[in-house]
Amino acid sequence: MNITLNGTPRDVPDQLSASDLLLSLGLADKRLALEINQEIVPRSTFAARRINPGDTVEIVHAIGGG
């Protein structure tokens with residue numbers, strides 16, 4: 001299925017959860033924020049949240065500083 005990931009079209013497997021997507025990108029254990037269709041997805045729901053065809057997914061990495 002086709003989604004838009006951080007502004008770039010991308011083909012991903014069907015029936016993909018947010019957790020599966022992050023795992024496939026090597027980001028499963030990273031500090032990040034996930035937004036699907038302009039809605040922030042709580043980390044506690046990543047496993048249950050399905051990615052659907054045409055979804056727009058934004059992943060923002062948390063960067064510490066001071």
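A residue is called buried when its relative accessible area is under 20%, exposed when that area is over 50%, and partly exposed in between, with a 1.4 Å probe and protein chains only. By this criterion Ser-17 is buried, with a relative accessible area of 3%. The model is predicted, so local features need pLDDT of at least 70 and side-chain atom pairs count only at pLDDT 80 or more, whereas totals for chains, interfaces and linings use all residues. Residues are numbered from 1 along each chain as its sequence is written, and side-chain values use heavy atoms, with hydrogens and water left out.

Helices (H or I, at least four residues) and strands (E, at least two) are DSSP runs numbered from the N terminus. Ser-17 belongs to the loop between strand 2 (8-11) and helix 1 (18-24). Contact means heavy atoms within 4.5 Å; leaving aside residues up to four places away in sequence, Ser-17 touches Phe-46, Ala-47, Arg-49, Arg-50 and Ile-51.

The sheet comes next. Two strands pair if DSSP finds at least two bridges between them. Five strands form an open sheet in the order 2-1-5-3-4, with mixed pairing. Strand 2 and strand 4 are the edge strands, each pairing on one side only. Neighbouring strands of this sheet are turned by 35 degrees against each other on average, direction ignored, where axes are lines fitted to C-alpha atoms, for helices over the stretch in contact, and angles run from 0 to 180 degrees between N-to-C directions.

Strand 3 (residues 32-36) pairs with strand 5 (residues 56-61) in the antiparallel sense over five bridges, and Ala-33 stands opposite Val-60. Strand 3 is also joined to strand 4 (residues 39-41) by three bridges, again antiparallel. Here Glu-35 stands opposite Ile-40, and Ile-36 has Glu-39 as its bridge partner. Strands 3 and 4 form a hairpin with two residues between them, and Asn-37 in the turn has a positive phi of about 50 degrees.

In a regular strand the side chains alternate between the two faces of the sheet.

A nonpolar core is a set of buried Ala, Val, Leu, Ile, Met, Phe, Trp, Tyr and Cys residues joined through side-chain atoms within 4.5 Å. The largest such core has 17 residues, of which Leu-32, Leu-34, Phe-46, Ile-51, Val-57 and Ile-59 touch the most other members. Strand 1 (2-5), helix 1, strand 3 and strand 5 each supply at least two residues of this core.
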